Amino acid sequence: MVLFLAVVLVFGFANMKNANAQTVSYPDGCSSALGYSVTTGHTCNGKSTPIDAPMPGCKTALGYSVTTGEPCSGSSVALQYLAGCNSLYGYSTFTGRPCNGTAIAVPIPGTTPGLPRTGVEGNALVSILLMTISGLVAIFGSAYLSKQSLKA
Amino acid sequence: MKKFLLKSAIILAVCVFGFVLFRTFYYIPSDEIPLPEKNVPVSANGERPISLSIPKIGVDAKIQEVGITQKGNMATPNNFMDVGWYKFGTMPGDMGSAVMAGHVNNELNLPAVFGKLGELEEGDDIYVTMGKDTKLHFKVTKSKTYDFNASGKEVFDENNGKLLKLITCTGSWIEKLKTHNQRLVVSAVLIK
């Protein structure tokens with residue numbers, strides 16, 4: 001029994017160490033190593049040059065880059081959630097910024113969404129102009145080319 | 001050299017024409033954000049909505065499952081022919097409001113899948129095909145317009161029956177916001 005407890009304790013402490021190793025703290029006003037601190041204005045990576053957000057292959061500071069495989073947080077550890085967040089939804093209780101790492105927060109599923117946007121007519125003139133110009137260029141260009149090749 | 005430039009210009013023009021044509025009549029990018037699927041409801045027999053049919057206005061459309069946009073609105077289908085079912089809401093045929101949205105027009109202002117939604121009247125038939133064998137029959141009960149930025153609560157949260165809500169844009173175009181100023185919501189109730 002004592003041996004069993006000792007094994008459990010040792011195993012538990014070993015796991016706790018692992019869990020602590022995943023926790024990363026960033027400078028005040030930073031939720032990742034990207035960009036500048038919102039409170040101090042210093043770079044969040046502690047160097048003279050900030051890391052531009054997002055990293056290559058990343059859409060936010062969360063998870064890993066799909067191209068490089070490196071953490072999107074800009075540090076050595078990937079973030080599952082930003083500081084002050086326990087999901088991708090809503091706002092951080094720490095920084096007050098969106099928990100999804102973008103400029104706009106995601107509402108919590110189950111809450112009522114706003115009405116959808118289901119019309120696009122404002123782009124009609126641009127579409128007509130683009131199609132007319134490109135169509136004319138294609139038609140007259142092809143006609144000119146075939147005329148030239150007939151002459152030759 | 002001149003010939004090469006002309007050929008390049010023609011190829012570019014054809015590409016531009018094709019791209020604009022595709023965007024104008026078919027594809028509309030969606031700003032839906034990826035969310036975990038764990039909140040998507042599942043029907044008792046595992047069926048999901050596949051197609052929507054409204055004989056009176058000639059609608060026979062595929063149903064896409066849509067979520068939420070970055071701005072917190074219901075997302076819309078990524079083309080002008082399909083309709084989008086709000087997958088984090090009510091399953092069609094269940095108690096509550098199953099909500100579907102479709103575009104009113106395409107980029108040339110020609111009618112899209114819900115271009116004639118405003119013609120529906122009380123008693124008109126709507127069918128939702130679920131899986132292979134189930135076809136749900138709804139009848140229109142009312143139509144109502146809302147401001148584009150109105151709360152969605154009345155539309156999404158009404159639960160005094162097995163309801164279907166169809167949404168599209170209506171009213172006038174607000175150039176600054178790139179959207180119409182109103183939304184038309186047609187409500188229907190399950191018959192069988």
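The following legends describe close-up views of a predicted model.

**View 1. The closed barrel of chain B.** Eight strands of chain B form a closed barrel in the order E1-E2-E3-E4-E7-E8-E6-E5. The pairing around this barrel is mixed. From one strand to the next, the twist averages 35 degrees.

**View 2. Pairing of strands E2 and E3 in chain B.** Strand E2 of chain B covers residues 59-66, and strand E3 of chain B covers residues 83-86. The two strands run parallel and are joined by four bridges. Within this pairing, Ile63(B) has Val83(B) in E3(B) as its bridge partner.

**View 3. The largest nonpolar core.** This core comprises 44 residues. The residues with the most contacts inside the core are Leu52(B), Met74(B), Val99(B), Met100(B), Leu164(B) and Val186(B). Strand E7 of chain B (residues 162-174) supplies the largest share of the core, five residues. Apart from this core lies another, of 16 residues, which includes Leu34(A), Met55(A), Ala61(A) and Leu82(A).

**View 4. The surroundings of Leu164(B).** Leu164(B) is one of the residues with the most contacts inside the largest nonpolar core. When residues up to four places away in sequence are not counted, Leu164(B) touches Pro92(B), Ala98(B), Ile126(B), Val128(B), Phe138(B) and Ala188(B).

**View 5. The contact between chains A and B.** In this view, 31 residues of chain A are in contact with 51 residues of chain B. On the side of chain A that touches chain B, 16 residues are nonpolar, 13 are polar and two are charged.

Terms used: Residues numbered from 1 in each chain as written. Chains lettered and ligands numbered in written order. Predicted model: local features only at pLDDT ≥ 70, side-chain atom pairs only at ≥ 80, totals over all residues. Pairing = 2+ DSSP bridges. Axes fitted to C-alpha atoms, helices over the stretch in contact; angles between N-to-C directions. Contact = placed C-beta atoms within 7 Å. Nonpolar A, V, L, I, M, F, W, Y, C, P; charged D, E, K, R; others polar. Core = buried A, V, L, I, M, F, W, Y, C linked by C-beta atoms within 7 Å. Buried ≥ 20, exposed ≤ 12 C-beta atoms within 10 Å, placed from the backbone.
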